[in-house]
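This report describes a metal site and a sheet. The sequence and structure come first.

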Amino acid sequence: MTMKNTILIIEDESAIREMLSFSLMQAGYIVIQAGSAMEALRIFDEITPDLIIVDWGLPQISGLELVKTIRETDVISEAPIIMLTARTQEHDKVRGLDYGVDDYMTKPVSVKELQARIKALLRRYKGFGKSNVIHVDDIKIDLDSHQVLIEEKDVKVSITEFNLLKLFLKNPNKLLSREQILNHVWGRNSYVEVRTVDVHILRLRKVLKKHNKDFLLKTIRGAGYKFVAEAD
Ligand code: CA
């Protein structure tokens, strides 16, 4: 039961963006597209991609500026980034500076090579990145094994409830609207209704209640949900 990885492609040339997007979707990824840095920043409000592909040459805010912003932004700061550059010159120039880019590719991009590099980066981030266990208070989830532990006790949850819990634990004390939750857990282009979010939250709440932890999951009337983390 592997979850699909989400890749965000930020590229202003729509032909290239569409081509990359198509080939990555074929390869089994969930792909989100942005035509500018501004659009990407809006997307980050709703979605935390597993990997980001960004073109150096973007209008207004350059790819490099965007990478700096990403590295300073809490939720997405650790996503692996592949930068596309137009010429070898730029390629070398960027490489010389540490902007927090993980890999570079010169255009025209070979789709095969891109896919290989994506795989390598995702593997590296999974294996050697920060611990793949997220915990808030006594609730622990293992992103690799999909195990949920509450006060060290094994708790069974469905994939959807796991993904919900993961989203909440990654964003403690943050108000998440139903739309944001929907986009993160079911994907932006899903046909799932907002009501479905409530149904699954209810199920997650039941699981938490069994362990007297349901008080952590707050319903904010008319706004959404918030997972409360107590200060250490
Ligand atoms: Ca461009």
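A residue is called buried when its relative accessible area is under 20%, exposed when that area is over 50%, and partly exposed in between. The model discussed here is predicted.

**Calcium site**

Five residues coordinate the calcium ion at 2.1 to 3.2 Å: Glu11 and Glu13 through OE, Asp12 and Asp55 through OD, and Gly57 through O. Along the sequence, these donor residues follow the spacing E-D-E-x41-D-x1-G. Asp55 has a relative accessible area of 3%, so Asp55 is buried. Gly57 counts as partly exposed because its relative accessibility is 36%.

| Donor residue | Relative accessible area | Class |

**Sheet and helix**

An open sheet is built from four strands, ordered β6-β7-β8-β9, with antiparallel pairing. Which strands stand at the edges? They are β6 (133–136) and β9 (153–155); each has a single partner strand, so one side of each is left without a neighbour in the sheet. From one strand to the next, the twist averages 25°.

The edge strand β6 is joined to β7 (residues 139–142) by four bridges, and the two run antiparallel. Within this pair, Ile134 stands opposite Ile141 in β7. In general, the strands of a sheet pair through backbone hydrogen bonds, in either a parallel or an antiparallel way.

Helix α6, residues 159–170, lies across β6, β7 and β8 (147–150). The helix α6 runs at about 115° to β7.

Terms used. Residues are numbered from 1 along each chain as its sequence is written. This is a predicted model: local features need pLDDT of at least 70, side-chain atom pairs count only at pLDDT 80 or more; totals for chains, interfaces and linings use all residues. Side-chain values use heavy atoms; hydrogens and water are left out. Donors are N, O and S atoms within 2.8 Å of the metal (3.2 Å for Na, K and Ca); water is not among the atoms, so sites may look incomplete. Buried means under 20% relative accessible area, exposed over 50%, partly exposed in between (1.4 Å probe, protein chains only). Two strands pair if DSSP finds at least two bridges between them. Axes are lines fitted to C-alpha atoms, for helices over the stretch in contact, and angles run from 0 to 180 degrees between N-to-C directions. Contact means heavy atoms within 4.5 Å.
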